[in-house]
Every structure is written in C-alpha cells, then in structure tokens.
Amino acid sequence: MNAIDRTRLAYWTDAEPLECVSRLPEAPGVVTFTFQAPSGALFDHDAGQFVTLELPVPGGPLHRTYTISSSPSRPTSLTITVKVQDGSIGTRWMQDKLRPGMRLKAIGPGGAFTMRAHPSPKYLLISAGSGITPMMSMITELYDNGRDPDVVLINCARRPSDIIFRERLEHMASRITGIELAWVVKQTDPYQPWTGYRGAFNQLILGLAAPDYLEREVFCCGPDGFMRTVQEALAGVGFDMDRYHQESFHAPLPETGDVPEVAGPEEDMTAEVSFAATGKTVRIAQTETLLTAARRAGTPLPSGCTFGVCGTCKVRKTAGEVHMVHNGGITEDDIEAGYVLACCSHPIGDVTLDV
C-alpha cells in the first residue's frame, strides 16, 4: 500500500478497485478478507453498511453484496467476512480463488442498518451465524470511541467453534465495561467445556441476557427464520417494534393489510426500453423489470440482491415512467434526481436509461 499523505487525506470511492491484502480463516467455512485502496485512500462508511463486489467467476461477472465487518474507526483498510453456504457461487470463488494482490471492482458503501441512523444510549444486538459481521463493526466502533458504551450482544451458533470473532469480542469486553456478550449454541464441541447458553433463541434467553431489553434499540441480523423468531419473541413481550431493525439480503416477507391502489404494470401491455449510451432498444412486457431489459439487450448493468435492498443496479432514467417498489436500496434524493433501481422497476410506457 502506498504511504498516506496525512496532510491531504483522500477517501476511497467505488471508482477505484479494492485490492485484497490478506485473508484470515475465522471459523469452519468462514474467511475474512482485508482490502485496501491501491491509492492509499482511507475508507469512510458507517458501521453496519455493506459493499457489493464484482466477482470474476467463470461464465461472467457476478455481483454479491457483503456486510463490512471492519469499523470506520479503523479507516486504513476494509474487511469482509464471508461464510460458504450450500450452493454458494460467489463466496465459494472468493474462498477458493481470491488471494492477496488481486483487485476487485466494488460498489458502495450503502445501507441504513446503522447506529447512526438509529441513535440510542443503549443497544441490543442479536445475531446468528455470519449475521455477526455488522455487529462486529458496530461494537468495534463503540470500543474505539474510548467511552464505556452500553451494548449487549446475543449471538447464536451451531456450536462454540462456529462462533465468529469470539476471541476478539471477548478481548474488547475485557478491556472496558459496557460490552456484554451472550453466546448461545445448539450443541457443544467434544472435550470443550461450555458455560454459555445452550438451545435456541427464546424469550427466556432474551430476559436473562438483557433484562432491560425494553429500553434498548435492537439490531438483528441472521437467517430469515432466525429473524422471524426474534421478531415474534420481542413482539410477544410488548417490545416497541419501531425500535427493531434488521438486515437481510433475502427477499422480505410479504406484508398483509390494505394496500393503496397505484398505477402499476399491465400484464398485457409492452414497453420499449432504450439505452442511451449504447443506442440499443428492447421491447419487454410491463411486468418485466428494467434489469431484464438490460440483460436481454446485452447491456452490462451490475446487480446484487435483485429485490431493491443493495442499490447495486441504480441507474438514471432520462425519460418515461416506471413503477418501482424497493426495499431501502435507494434514497429519496436519488429518486428525485431521476435514479431508479433496475431490479425492481417496471416500465409504464416507453423508458430511456442513461446507460
């Protein structure tokens, strides 16, 4: 990495690639990759945000979104901690092929799953598996602030050896007051005594680990089924769910209730989507997305989650109207400036995109 000129600090933008500088095994199937900017620029993000990586897998670039596990209080590098799941393509490529010296295109950072967006004097962080990654970033930032925080982490794993960041989190908790850790496992490791909680997350564990949970701002991250369990447990004890925040890169569950009638795509109508930079035009059904149109036209358009969370497919619309239902991946300011998310935008009549 180039030496940093501290008289003229520069911050990384996604116009510059990320260079992998190290890889560290964390737990079975889990690896942390550390990146730096080739220019020596520093990183500016909020704890809990994510980046989208463009991975050169066989068959063409693949975009995958990962939470940043490092803290903005340590800005000289950025870390991403990934866990291989069944059927993983991008994460498997990273663990098998990504080595120090390699550079990747990245988009971000983005996301509103942050303490800055939801300030509070007291926090409760609840995670499972690799969902601990944003919690690691948040706790590290609180630790680096030098003040005693008031944060409780409840982390659930299959067994103690699967707990990610355990040693580092316990070290921070041993150095200051105000960081409380509660580990919950389903089964123990052979020949390793276990003194933490055992079983599945429930209201009893919630009350034992954080007796004052009703007073705390809650952040939750993990598999969808786990987050549903946490939501139900909190709702069942009268928790104010406006103070509950979760992060997931899986499609959100459908909501029930009356939905206002809005102008949406017509099943039997088509629309013409034009791409200004390439001059290409394609006709699609209004029930299809702009991302589908881009792929059909052979126009490269990055995408990540494909349901309006990560913001990777943000593109400027210069003409026409769309019906967009996103899940937080774009700001109101961007929408007012003419941007849309291609993955969740349907053309209502002819549309022109600046790409």
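**Salt bridges across the chain**

A: Lys 122 and Glu 215 form a salt bridge, with their closest N and O atoms 2.7 Å apart. This pair links distant parts of the chain, 93 residues apart: Lys 122 is in the loop between S6 and strand S7 (123-128), and Glu 215 is in the loop between helix H4 (203-209) and strand S11 (217-221). The model is a predicted one. Lys 122 has a relative accessible area of 16%, so this residue is buried, whereas Glu 215, at 47% relative accessibility, is partly exposed.

The loop between H4 and S11 also holds Arg 216. Arg 216 forms a salt bridge with Asp 150, and here the closest N and O atoms are 2.8 Å apart. Asp 150 lies in the loop between helix H2 (132-144) and strand S8 (151-157), so this pair too links distant parts of the chain, 66 residues apart. Arg 216 is buried at 4% relative accessibility, while Asp 150 is partly exposed, with a relative accessible area of 29%. Through shared partners, salt bridges join Lys 122, Asp 150, Asp 212, Glu 215 and Arg 216 into one network.

The structure holds 18 salt bridges. One of them is formed by the side chains of Arg 103 and Glu 19, at 3.3 Å from N to O. Arg 103 belongs to strand S6 (residues 103-110) and Glu 19 to strand S1 (residues 18-27), so this pair ties together parts that are 84 residues apart in sequence.

Methods:
Residues are numbered from 1 along each chain as its sequence is written. This is a predicted model: local features need pLDDT of at least 70, side-chain atom pairs count only at pLDDT 80 or more; totals for chains, interfaces and linings use all residues. Side-chain values use heavy atoms; hydrogens and water are left out. A salt bridge is a side-chain nitrogen of Lys or Arg within 4 Å of a carboxyl oxygen of Asp or Glu. Helices (H or I, at least four residues) and strands (E, at least two) are DSSP runs, numbered from the N terminus. Buried means under 20% relative accessible area, exposed over 50%, partly exposed in between (1.4 Å probe, protein chains only).
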